[in-house]
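Okay, thanks for coming, everyone. Let me put the model up and we'll walk through it together.

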Amino acid sequence: MNKTKTMIQRSIFVLAVLDLEVSSRFYQDVLGFSIQEIGDPGWRMYVRDDCRIMAGHCPDATPPAELGDHSYFGYFVVSDVEAEYQKVVSHNVEIVKPLRSEPWEMREFGLRTVDGHRIMIGQDID
């Protein structure tokens, strides 16, 4: 039996959003993603650097805020967490975890998106 190990070449998050227009504006204006059409009017790709998020318009989906801990979908490691934090705060986004240094050698904070999903954003502590 051949046990060749395959590699994950990239990852893409896939999210159900209640309002695709509102979500797209949030990811563009607050988090700095570009918004790309992908050939289906119910879907968009949010792109920033090597991060990709496919957002699908799902108005009947369970709102993420009702999912409890399962509303976390990603941890973005950035080069300047202080700048990211200031940008998010300047847009009056809900902070679910204040910016702080953690024993696992990350300086991080958590936010809730306009859709109700939660994201952690952190930077390696040198």
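So, which residue stands opposite L111 in β7? That's I95. Keep in mind as we go that this is a predicted model.

Let's stay with the strands. β6 and β7 run antiparallel and pair over five bridges. Their hairpin has four residues between the strands, and E105 there takes a positive phi near 65°. On to the next pairing: β7 and β8 are antiparallel too, over seven bridges, with M120 in β8 as the bridge partner of G110. That hairpin has five residues between the strands, and G116 has a positive phi near 100°. As for β7, five of its seven residues are buried, so the rest of the structure largely encloses it.

Take I121. Setting aside neighbours within four places in sequence, its contacts include L31, Y75, F109 and L111, and also E84. And E84, is it buried or exposed? Buried, because its relative accessibility is 10% and the cut-off is under 20%. E84 is in helix α2, and beyond four places in sequence it touches R48, V78, F109 and I121.

Last, the outside. Y75, V77 and W104 make a nonpolar surface patch of about 330 Å². W104 is in the loop between β6 and β7, and at 51% relative accessibility W104 counts as exposed.

Conventions
Residues numbered from 1 in each chain as written. Predicted model: local features only at pLDDT ≥ 70, side-chain atom pairs only at ≥ 80, totals over all residues. Heavy atoms only, no water. Contact = heavy atoms within 4.5 Å. Patch = residues over 30% accessible without salt bridge, like charges linked within 9 Å, V, L, I, M, F, W, Y side chains within 5 Å. Areas by Shrake-Rupley, 256 points an atom, 1.4 Å probe, with all protein chains shown as cover. Salt bridge = Lys/Arg side-chain N within 4 Å of Asp/Glu carboxyl O. Helix = DSSP H or I, 4+ residues; strand = E, 2+ residues; numbered from the N terminus. Buried < 20%, exposed > 50% of the residue type's maximum accessible area, 1.4 Å probe, protein only. Pairing = 2+ DSSP bridges.
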